[in-house]
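This report describes selected features of a single protein model. Please keep the sequence and the structure in view while reading.

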Amino acid sequence: MAAYVPVPWVSPLLYAAVLVGGLYYTVAGLAPGPGPPLWRTAGFATGLAALVALETVERRGLPVRACVPMLARVGLIAGVVALDESGLAQALFVLLPFTAYFVCGRGVALALAALCVAGLLTGYALTEPGWHRDVERVADLLMLCVGLILALSMAAVAIGEQRGRRALEQYAAQVADLSAAAERNRLARDIHDSLGHHLTAVSVQLQIASEFRILQPDSAQRAVDEARLSVKRALGDVRQSVRALRDEEPHRPLTAMLAGLARDGEDRPQVTVQVDGAEDGYGPAELTALYRAAQEGLTNARRHARASRVTVAVRLTADAARLVVSDDGHGFTPDGAATGFGLVGMRERVHLVGGSVHIDSGPGKGTRLTVTVPRGRREEGVR
């Protein structure tokens, strides 16, 4: 089938016009001398009906070789033109390059248009000597040329419109795929940053309870209580994520969110939070990126570094916000840990708001995480 679809109403409308004109020419007795025989008129109408049937077959997409409808159309149009007494059927020749433009391309359509003109000239030369001095024949030739030009122009415009629509549909599909991928990545980051953080705290507290349940029952009980509190906070984060998916999530101040980090696991490690500056001008995306980065730094300090002290410092200025998370843990080699999902997700989140991430660490040196996020610019009240 053709890659592009011809305008569906053009051919049937032209067939109907030729049929009405030819029948009126016969019924009104406009032909010189006796009218055409009945078989000729019936053949003329049958040929047009066959052309309409051919259009129907093509539109319904029946399994036919692409060249068969074109060859059949050429034969049927030639037959209709030969049977038509009025001469109006010559206008059907414009449908050949018009349809070929969609099926075979511009080159074949132009070649067929040239053949139509050459065929008409050949017919005139063989059957009507001196046709070039006949006003009616010259007018027919000029009208055929004008019709061919208009038909080719209409086909080019229709193909351009269809090509643009298909490109737009492909672009919309790509945007949908990218949006779905971005949403999946966002959800993955949120699950890791929220639930992962709290589950790490639960794991640490349960490990403490397991180690001290006999020698220090009170410490073990406190660890169990902290684990229960972490579970409650995890449930709260799940509800908050659900509200975010339903566009019902209220924005919390960064200071309050960081204070919640300081309360998680009061014994190991000791967390100190310091926030300087105002949050005005920073949107939820920037503040969330800072909070998630602080959360990831604290989670890594608990899970991997075995740190006893963690400091979270945020400075909010008129141009950018700077977060520093430092601990006194075992440290690590940043290049070797760059493939961890937590660090990858943190970098993605920070880069989405135009920020940067720098990790300074080494075995036995502790870890210093620095995140810089630019202040959002607002114009006319819209960020």
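## Salt bridges

Arg40 counts as partly exposed, at 23% relative accessibility; here buried means under 20% relative accessible area, exposed means over 50%, and partly exposed lies in between (1.4 Å probe, protein chains only). The model is predicted: local features need pLDDT of at least 70, side-chain atom pairs count only at pLDDT 80 or more, and totals for chains, interfaces and linings use all residues. Residues are numbered from 1 along each chain as its sequence is written, and side-chain values use heavy atoms, with hydrogens and water left out.

Arg40 forms a salt bridge with Glu85, and the closest N and O atoms of the pair are 3.1 Å apart. Because Glu85 lies in the loop between helix 3 (67-83) and helix 4 while Arg40 lies in helix 2 (residues 38-59), the pair ties together parts that are 45 residues apart in sequence. Glu85 is itself partly exposed, with a relative accessible area of 34%. A salt bridge is defined as a side-chain nitrogen of Lys or Arg within 4 Å of a carboxyl oxygen of Asp or Glu. Helices (H or I, at least four residues) and strands (E, at least two) are DSSP runs, numbered from the N terminus.

A search of the whole structure finds 6 salt bridges. The table lists three of them.

| Glu85 | Arg40 | 3.1 Å |

Glu128, Glu136, Arg137 and Asp140 are linked in a network of salt bridges. Asp140 and Arg137 both lie in helix 6 (residues 135-212), where they are 3 residues apart, about one turn of the helix.

Strand 2 (residues 309-316) has a covered face formed by Val310, Val312, Val314 and Leu316. The uncovered face of strand 2 carries Arg309, Thr311, Ala313 and Arg315. In a regular strand the side chains alternate between the two faces of the sheet.

Strand 2 runs parallel to strand 1 (residues 270-276), and 7 bridges join the two; strands are taken as paired if DSSP finds at least two bridges between them. Strand 2 also runs antiparallel to strand 3 (residues 320-327), again joined by 7 bridges. Val312 illustrates both pairings: Val273 stands opposite Val312 in strand 2, and Val312 in turn stands opposite Val325 in strand 3. A hairpin through 3 residues connects strand 2 to strand 3.

Strand 1, helix 9 (residues 284-305) and strand 2 make a left-handed β-α-β unit. A crossover is right-handed if, with the strands pointing away from the viewer, the path from the first strand over the helix to the second runs clockwise.

Ser308 is found in the loop between helix 9 and strand 2, and at 48% relative accessibility this residue counts as partly exposed. The C-alpha atoms of Ser308 and Gln270 are separated by 6.0 Å, although the two residues are 38 apart along the chain. Not counting residues up to four places away in sequence, Ser308 touches Pro269, Gln270 and Asp328, where contact means heavy atoms within 4.5 Å.

Helix 4 (residues 95-103) is mostly covered, with 8 of its 9 residues buried. Among the buried residues of helix 4 are Leu95, Leu96, Phe98, Tyr101 and Phe102. Just after helix 4, Gly105 takes a positive phi of about 110°.

Trp9, Leu13 and Met154 make a nonpolar surface patch of about 330 Å². Patches are made of residues with over 30% relative accessible area and no salt bridge; like charges are joined within 9 Å, and nonpolar side chains (Val, Leu, Ile, Met, Phe, Trp, Tyr) within 5 Å. Accessible areas come from the Shrake-Rupley method with a 1.4 Å probe, and for residues only the protein chains shown count as cover. Leu13 lies in helix 1 (residues 10-27) and is exposed, with a relative accessible area of 53%.

## The protein as a whole

The protein contains 11 helices and 5 strands. Of its 383 residues, 36% are buried. The protein exposes about 21600 Å², of which carbon and sulfur atoms supply 61%. Among contacts between residues at least 6 apart in sequence, 70% join residues at least 24 apart.
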